[in-house]
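Please keep the structure open beside you as you read.

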Amino acid sequence: MPTATATTTEAGPTSVLLDFTTFFNIIDGQKMTTEATRHSTNPSTLEANPEVPVSTEADVDCAVQAARTAFGTWRNVHHAQRRAALEAYADALGANLEGFATMLTREQGRPLALTRMEVATTVERLKQTAALELKDEVVADDKASRGQTVLKRFTPIGVACGIVPWNFPVGLAALKLSSAVITGNTFIMKPSPFTPCANLKMVELAQQFFPPGVVQCLSGDDRLGPWLTEHPGIDKVSFTGSVATGKRVMESCSRTLKRVTLELGGNDAAIVFPDVDDVAKTAATLAQSCFFNTGQICISIKRVYVHADIYDAFRAAFVATASALPYGDGFNGADADGKTAPFMGPLTTELQYRHVQTLLADVRDTKLDVVGGDATLNSATDTAAAGKGFFVRPVVVDNPPDTARVVVEEAFGPIVPLLKWSDEADVLRRANDTRLGLGASVWSGDLRHAGEVARQLEAGNVWVNTHMMSHPSAPFGGHKWSGLGAEGGIEGLKQYCNVQALYLAN
Ligand code: NAD
């Protein structure tokens, strides 16, 4: 059953309009069904999304076999040809932007304008990754004295598997896919069971541009991830998700000595100095950053340390912004009454919703001060206003103790503590006092000093006067329990390669 219409010219497919109603595993270039199917849930309406495959162990074996066969050829394809395939794929993704964004809003919940942003950014990132190349490097040229040249080379590892979370399914999957195939690996994608549809379609689309077996996708239930990490035919796993699962993935991969990249959780601190240019503006910027994607971003600001001299003014502006952020079903547009389209959708999964409710219950039970939103469960009024989905309005907790659960744990939801500080060394200690180390930022009018403070933060991504920014040339990874290795940029490509020393003697 065809699910794509393509106009083909001598240069290859020029427009590929995908149908987003039926979803298949993609194995060895073919759309494959499975006996059992399942579906995810639209988190705004709690309606069922389309049925998707539930892969069996036999499906995993077939995909791994096809990936191994395809690797034999793909590893020797010239970089220029791989790059052209990835760029054409990126264009086709862009041509389907509306379809992917709509699907993402249905399964992830984020407002349509913001899922469009994810797809558009992904198109750019695919092209930027396609343009990267790991060339041979001459590390010694001793021809004259010892008669030898030594090269450092980066060779593809083999069959790579990308395990994807639900918070930015398209962008995160594309980074893994592009880094794997541009370096000559073949790739099997495993979507989150909460957001399988957009990922399955991405790989269906990829068949227009890559030979069979180079890019495949398997969707399934909770058994699928362990089948992949245990499989002896897979050589590399790139995992993005929680710390707890990351540890299980590493343990499982160790049995077959797979190469592993782990992109895990974060508990990012922002340290706000009293000399910021504009306290109210800085507070508003931070509030928007905290609640973007309903707080479900690994590098969301999750702890805001504000200097005592500006604490009250900062808190007032932060709460005013947070309380005014429109929320609701991501398909709602601006209406006739001038109500704006939502900035925040629901939490994406019921599991996440329950986790946030547990943290809110702890806020209530420990009698912490709440200055924005309220810590009640999803109230009837909220539910009526926003639909019957997993909605939680922003909650701002006023200067809780450092030991509070909302400070120590990654909320991954719209609940943020503001914390007061007055001693620089002490606030640095508090910001670093966590096993996590994904991101952190410093906000100040004194760039030189802020840079010095930033250098003392224990995190893989550190910003001054901004947060959550990422650049295609920069490696993205976590320190401490936030991860192992990095994705993005040349460092990201190296994660999909073995390093080889090649000695050429005269
Ligand atoms: P999760 O760990 O529950 O799941 C991630 C993926 O792993 C899913 O595809 C899931 O099906 C799969 N999985 C589950 N158990 C597995 C197992 N035993 N073996 C193999 N795979 C398994 O994470 P999530 O809830 O989807 O994502 C939220 C978490 O991800 C948060 O902690 C967030 O901070 C983190 N995250 C990190 C980054 C980053 O780049 N560092 C980016 C996005 C999200």
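1. Start with two helices: α4, covering residues 112-130, and α5, covering residues 169-182, have axes that come within 9 Å and cross at roughly 15°. Angles under 35 degrees count as roughly parallel, so α4 is roughly parallel to α5. Do bear in mind that this is a predicted model.

2. Now for the handedness: α4 and α5 make a right-handed crossing.

3. Which residues of α4 meet α5? From α4 they are E118, T122, L126, T129 and A130. Their partners in α5 are P169, V170, G171, A174, L175, S178, S179 and I182. Sorted by class, the residues in this contact are seven nonpolar, five polar and one charged.

4. Next, look for the sheet. It is open and built from three strands, in the order β7-β8-β24, with antiparallel pairing. At its edges lie β7 (137-141) and β24 (497-505), each of which pairs on one side only. From one strand to the next, the twist averages 25°.

5. To see the pairing in detail, follow β7 alongside β8. Strand β8 spans residues 148-156, and four bridges join β7 to β8. The two strands run antiparallel. Which residue of β8 does D141 stand opposite? Facing D141 there is T149.

Methods. Residues are numbered from 1 along each chain as its sequence is written. This is a predicted model: local features need pLDDT of at least 70, side-chain atom pairs count only at pLDDT 80 or more; totals for chains, interfaces and linings use all residues. Side-chain values use heavy atoms; hydrogens and water are left out. Axes are lines fitted to C-alpha atoms, for helices over the stretch in contact, and angles run from 0 to 180 degrees between N-to-C directions. Angles under 35 degrees count as roughly parallel, over 145 as roughly antiparallel, 65 to 115 as roughly perpendicular and the rest as oblique. A crossing is left-handed if the near helix is turned anticlockwise from the far one by less than a right angle, and right-handed if clockwise. Contact means heavy atoms within 4.5 Å. Ala, Val, Leu, Ile, Met, Phe, Trp, Tyr, Cys and Pro count as nonpolar, Asp, Glu, Lys and Arg as charged, and the others, Gly among them, as polar. Two strands pair if DSSP finds at least two bridges between them.
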